[in-house]
Amino acid sequence: MAKLHPSALRNRFAALPRVLRIIVPIALGGFAALGHEAWMTGFLAVSVALALAFLILPVQRRAAAWFGWLLGLGYFGVTLRWLVEPFLVDPVRHGWMAPFAIFFMAGGLALFWALAVWGARWIVGRGASVMIWLPVTLAAAELARGHILSGFPWGLLSYTLIGGVGDVWFAWVGPYGTNFLLLALVGGVSFCLHKGWTLVWPALVGVLFVTIGVQALTPKAAEPSSQSVVRIIQPNAPQHQKWDREWMPVFFDRAIELTASGATPNVVIWPETSVPAMLNFAQPWTEQMSLAAHGAPVVAGIQRRDGENYFNSAILIDQPESISAISDKVHLVPFGEYIPLAWLLKPIGLGTLVDQVAGFSPGVGDGLMQIDGLGLARVLICYEGIFPEEMQRGDVRPDVLLILTNDAWFGKGAGPRQHLVQAQARAIEQGLPVVRAANTGISAIIDPRGNITESLPLNEAGYLDAFVPGASAQTLYAKIGDWPLLVLLCLCIMAGIAQRSRIRIDGDGPRV
């Protein structure tokens, strides 16, 4: 069969007018981001977009880095388009900042991709083996993005596989490892296209059979260990009204009514910051909640103060006058709940800004909470649920992951759905069921294979009564975490650096 010559594609791309050379990588990145949409096949969108990007990647390092940045700009710009929503809560005061926020956030994250593409070109020079090295450097860049400056692993390429046959890999190698496997597959296909079509199809069939085999070997979820009924409350308080003094009692009364409705459940779950009072002064409110639940324990999100520190917390109410457990949010939102590197800003006269914006202090502890009717739960508050490593705090394996969130900030479209997909990923990675209570939705029960067994629609008030699936056996990823991947990527990159140094010393091969 005829060979596909990427050099011809690359030359045609290089011959395009400058404006089109800017638009093409942005468009490819944006198309890859469509893999996060429910109506798009994630694997298809990512593989097609990245394979084309790999094939037309410029040979000069500087041009390649610029190409990688534009590719990332398109990808993160489309994936994180919901970031404009928080600025539209008060559009008169903050609306003008929305375009700048999405551009600088997407552009900042795209720097990781630019560095990865530059690094791959630096290692191999002008050779086609850059398609093999790009999965290594891009996977390393995405791993770094999830950890540097407290990390922001939202929108990983691997999340486009959730809901398909490939999501089983999360139980074995986690989201970053699945990222690497996905990128390696794309890079391998691109390289095969460079060498000839005949190698592509057997490789893809082999990957499919291996994935099906891995899926068959992944432990199934157990049956519910008890017949306890969990009730999730979804008050649906829009963010622009949530803290309005006239509306606060309306939403609280709505949640009370939902709590008291129907047959009495075994445990009631309210979402993040759903109690409109500081814990220090919330006894009248918590008493109403306990009475409405007819004695069933209630877990609810609330804010609290301890001395000069404020915490975003979850509490367990087991009697009208008793708060038996408190779990504080540990992983805070940068620039929303705290200012990174605040200790550097105060000495230069920006202490007032830090005090006004910082707001919350990080909690301590493992986030475990023993709840009658639910078991031992690891409580995660909103942002914490996007970090796979947060599931592994402490030495005791919980029975369930409990996520309380206020997704009203994310608007009515992509944001809440992407946040839900990451909760599905956490379930698969740990082999644990997830109970997710979201203010405006999507509230859901998720089994250990990542399947949504029950849910409440987005932007609807209501309650959900459901049994919680049992946990499956502890997954491989839950046991080993990301350390094997980190070691593998470091060894690969060191080998690439050593190879490049040898080539330069020997005088062989291309130099860029």
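A: Thr 273 lies in the loop between β2 (267-269) and α12 (283-292). Here helices (H or I, at least four residues) and strands (E, at least two) are DSSP runs, numbered from the N terminus. The model is predicted, so local features need pLDDT of at least 70 and side-chain atom pairs count only at pLDDT 80 or more, while totals for chains, interfaces and linings use all residues. Residues are numbered from 1 along each chain as its sequence is written, and side-chain values use heavy atoms, with hydrogens and water left out.

The backbone of Thr 273 deserves attention: its phi is positive, about 45 degrees, although the residue is not a glycine. Most residues other than glycine have a negative phi, and most peptide bonds are trans. Thr 273 counts as buried because its relative accessible area is 7%. Buried means under 20% relative accessible area, exposed over 50%, and partly exposed in between (1.4 Å probe, protein chains only).

The structure holds three cavities of 30 Å³ or more, and the largest cavity contains about 130 Å³ of space. Of the 16 residues that line the largest cavity, the closest to its centre are Lys 242, Phe 251, Phe 252, Thr 273 and Ser 274. A cavity is a set of points, on a 1 Å grid over the protein atoms alone, where a 1.4 Å probe fits but cannot get out; lining residues have an atom within 4 Å of a point. Grid points are joined across faces, edges and corners, and a volume is the space filled by probe spheres set on the points. Helix α11 (residues 248-260) gives the most to this lining, with four residues. The lining of the largest cavity divides into 12 nonpolar, three polar and one charged residue. In this division, Ala, Val, Leu, Ile, Met, Phe, Trp, Tyr, Cys and Pro count as nonpolar, Asp, Glu, Lys and Arg as charged, and the others, Gly among them, as polar.

Other backbone features occur in loops elsewhere. Leu 149 has a positive phi of about 55 degrees although it is not a glycine, and it is placed in the loop between α7 (130-145) and α8 (170-195). Leu 149 counts as exposed because its relative accessibility is 60%. The peptide bond from Gly 441 to Ile 442 is cis, with omega near 10 degrees. Ile 442 is in the loop between β9 (434-438) and β10 (444-446).

The side chains make contacts of several kinds. The structure holds seven salt bridges, where a salt bridge is a side-chain nitrogen of Lys or Arg within 4 Å of a carboxyl oxygen of Asp or Glu. One of them joins the side chains of Arg 231 and Asp 465 (2.7 Å, N to O). This pair links distant parts of the chain: Arg 231 is in strand β1 (residues 230-234) and Asp 465 in strand β12 (residues 462-466), 234 residues apart. Arg 231 is buried, with a relative accessible area of 0%, whereas Asp 465 is partly exposed at 33%. The charged end of Arg 231 also sits over the ring of Tyr 463, 4.1 Å from its centre. A charge sits over a ring if NZ of Lys or CZ of Arg is within 6 Å of the ring centre and within 35 degrees of the ring normal.

A further salt bridge connects Glu 429 with Arg 426, the closest N and O atoms being 2.7 Å apart. Both residues lie in helix α15 (residues 414-430), three residues apart, about one turn of the helix.

Finally, the structure holds 18 aromatic pairs. Trp 118 and Trp 122 form one that is stacked, with 6.2 Å centre to centre and 15 degrees between the planes. Rings of Phe, Tyr and Trp (its six-membered ring) pair if their centres lie within 6.5 Å; planes under 30 degrees apart count as stacked, over 60 as edge-to-face and the rest as tilted. Trp 118 and Trp 122 are separated by about one helical turn because they are four residues apart in helix α6 (residues 98-124). Phe 152 and Trp 154 form a stacked aromatic pair, 6.3 Å centre to centre with 15 degrees between the planes, and both are buried. Ring pairs link Trp 82, Phe 152, Trp 154, Tyr 383, Phe 387 and Phe 410 into a cluster.

How values were computed
On a 1 Å grid over the protein atoms alone, a cavity is a set of points where a 1.4 Å probe fits but cannot get out, and a pocket is an open set with protein on both sides within 12 Å along at least five of seven lines; lining residues have an atom within 4 Å of a point.
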